[in-house]
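Here are my notes on the model you sent over. Have it open while you read, and click along as the residues come up.

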Number of protein chains: 2
Amino acid sequence: MLTDMYRSRNASHPTIIDRVDPVIWSDQGHCPMITAEDEKFYEKNGFLFLKNVFSDGEIAKLRREAGLVENSDPTDEEVISEPGSDEVRSVFRVHNKSDVFSKLISDDRLVAIAEHFLDDDVYIHQSRVNFKPAFKGKEFFWHSDFETWHTEDGMPRMRALSMSITLTDNSAHNGPLMLIPGSHKKFISCVGETPDQNYKNSLKIQEIGTPDQKNLSEMVDENGIVAPVGSAGSVLIFECNTLHGSGNNITPYPRSNLFFVYNAMSNRLVAPFGATKPRPNFLAARKDIVPVRSGRQKIQAAE
Amino acid sequence: MLTDMYRSRNASHPTIIDRVDPVIWSDQGHCPMITAEDEKFYEKNGFLFLKNVFSDGEIAKLRREAGLVENSDPTDEEVISEPGSDEVRSVFRVHNKSDVFSKLISDDRLVAIAEHFLDDDVYIHQSRVNFKPAFKGKEFFWHSDFETWHTEDGMPRMRALSMSITLTDNSAHNGPLMLIPGSHKKFISCVGETPDQNYKNSLKIQEIGTPDQKNLSEMVDENGIVAPVGSAGSVLIFECNTLHGSGNNITPYPRSNLFFVYNAMSNRLVAPFGATKPRPNFLAARKDIVPVRSGRQKIQAAE
């Protein structure tokens, strides 16, 4: 059995430990999609916001697809509604529901960066659209994705990242994603045992697997909060352990973002480190894992 | 009986009508506390944000008072808790609970502007602190204060305004007050009859007396949203009919603001225009009304 490098949900008091994994796994040059400064920023802050990656035409097409998956079968357990309303909050496994999304996961503008940061072939651990609908979109409380992926899904190491493609404008007003820069370098263990089928609640309102107020406050006092905003077509890349969350949305404008989580092939899931039963495949892929693409070109140091 | 100039909650469809009242009632010069440009801005946009009105020392004192009223008797009906938690959301009638707040209502930096804009002696229609606590502070949905004050409280005309003194920093992240500029020039009638004792719910989550999504969307498309942010000690003045709201607060920093609502003496409450019974005095003063101060100096045109 693998050693649990990041124990959580096993004590009555939260603790903070240092990250043991690199942030950028590759030690070779930098990815040609971004600058050396971008990489330094990502390494230091745990996120990177790239504006105007996708054209208006591409985004229009992606929004159409998002609309289709939004209106798919509401009894499907992969379709999550907002707490207190029937509005769709999230739809999961969207790259299996849409050919357009399925193609997009291997778009060089995304996957080349993922492969470089993780220094490996990569696969989709999870994909989803978070709709954050106008007027009624509710919050996502602060969390590290990795804390849940490790504890409930059995992801061994911090060798995964999310890419969020903004399908609508993300403004300061409609509940943009907020991040705590630098938080990816610490691991806050969370208190509380994981209840069975915790995901059925946590996808609406997360209570287990969220950091305690004291450690959160200290981390924000030290590092601040950043909420990257920009027009549709931007890409926010954030490291699997970067603390993030977002407020609600009372504006007339939905804040809809498409998320692809890339994990290194060498970091495939094992048994959960802090739950009795793994979560379903739509939340954490463990069956029939294949790389998003083959023939990855390792970036050469000479550049 | 007075004519109802702004009918609401009496039809199954919302309608929009033009404001019949002036925004700035005085036609004499401008208030020496602010500039002529400030007044033009307020007339056009329905709000005005003044930074650094109160010193750090003054704010420290006001925060201490806010802490005292926050920790007053939780069974008091004037103390409102957040939906879903015991955190204090609002405390009303604070100028009667604290000598410091009681003195502050007649501070020249506030009342002189109110008297000028309303062109009358003024009294406190309502006072409160909205705490919007760290991590758990919930939203205030879009609304016109006047719609409620008119319909539920019997305020005849749009001749009142709010002053919000920021007791903590209001940042883009901790649920700052958002306004729709120019919305004060239209009156959106709301649908739905007013239930008895509606305030017992509406102070936590307002559902009756909020504008419909279609009219809200059109108004925001046309005018946008502004969220003034600044450090503690600022004053936001907003007209009684300006649409405003705010999102929730998941940050470690409370967004606590002190509100004084000034109403013109000539605009005292009559019977509610759309409810059977008036709301309690702590929400809408109608007993023993006296001006905040006497001996108002009318501003002369010559300046």
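The points below go from the ground rules to the two copies, then to single elements and residues.

1. Ground rules. This is a predicted model, in which local features need pLDDT of at least 70 and side-chain atom pairs count only at pLDDT 80 or more, while totals for chains, interfaces and linings use all residues. Residues are numbered from 1 along each chain as its sequence is written, chains are lettered from A and ligands numbered from 1 in the order in which they are written, and side-chain values use heavy atoms, with hydrogens and water left out.

2. Strand E12 of chain B. Have a look at residues 257–264: 8 of the 8 are buried, so this strand is largely enclosed by the rest of the structure. Buried here means under 20% relative accessible area, exposed means over 50%, and partly exposed is in between, with a 1.4 Å probe and protein chains only. Strands are DSSP runs of at least two residues (E), helices are runs of at least four (H or I), and both are numbered from the N terminus. Both faces of E12(B) are covered, with Asn257(B), Phe259(B), Val261(B) and Asn263(B) buried on one side and Leu258(B), Phe260(B), Tyr262(B) and Ala264(B) buried on the other.

3. Partners of E12(B). Strand E5 (residues 122–130) of chain B runs antiparallel to E12(B) and is joined to it by 8 bridges; two strands pair if DSSP finds at least two bridges between them. Tyr123(B) has Asn263(B) as its bridge partner in E12(B). Strand E7 (residues 160–166) of chain B is also antiparallel to E12(B), with 7 bridges, and Ser162(B) stands opposite Val261(B).

4. Helix H2 of chain A. This helix (residues 56–70) has 15 residues and reaches 20 Å from first C-alpha to last, close to the 21 Å expected at 1.5 Å a residue; the expected span is 1.5 Å times one less than the number of residues. Its buried residues are Ile59(A), Leu62(A), Glu65(A), Ala66(A) and Val69(A). They cover an arc of only 120° around the axis, which puts them on the same side of H2(A); the arc is that of the directions from the helix axis to the C-beta atoms. What do they pack against? Strand E4 (88–92), helix H3 (99–104) and strand E7 (160–166) of chain A. On the other side of H2(A), Asp56(A), Arg64(A) and Leu68(A) are exposed.

5. Phe54(A). You'll find this residue in the loop between strand E2 (47–50) and H2 of chain A. Phe54(A) counts as buried, at 4% relative accessibility. Leaving out residues up to four places away in sequence, Phe54(A) touches Ile59(A), Leu104(A), Asp107(A), Arg109(A), Leu110(A), Ile165(A), Gly233(A) and Val235(A). Phe54(A) and Leu167(A) are 113 residues apart in sequence, yet 9.7 Å apart in space, C-alpha to C-alpha.

6. Ser183(B). This serine is in the loop between strand E8 (177–179) and strand E9 (186–188) of chain B. Buried or exposed? Ser183(B) is buried, with a relative accessible area of 1%. Its side chain reaches the backbone oxygen of Ile180(B) at 2.6 Å. Apart from neighbours within four places in sequence, Ser183(B) is in contact with Met219(B), Asn241(B), Thr242(B) and Leu243(B).

7. Gln206(B). Another loop residue, Gln206(B) is between helix H7 (199–202) and helix H8 (213–223) of chain B, and counts as buried at 17% relative accessibility. A polar atom of its side chain lies 3.2 Å from the backbone oxygen of Ile208(B), and the backbone oxygen of Gly209(B) lies 3.3 Å from a polar atom of that side chain.

8. Positive phi. Arg9(B), in the segment before strand E1 (16–18) of chain B, has a positive phi near 60° without being a glycine, and is buried at 6%. Asn52(B), also not a glycine, has a positive phi of about 55°, but is exposed, with a relative accessible area of 61%.

Conventions. A polar contact is a pair of N or O atoms within 3.5 Å; within protein, one must be able to donate a hydrogen and the other to accept it, and residues adjacent in sequence count only if both atoms are side-chain atoms. Contact means heavy atoms within 4.5 Å.
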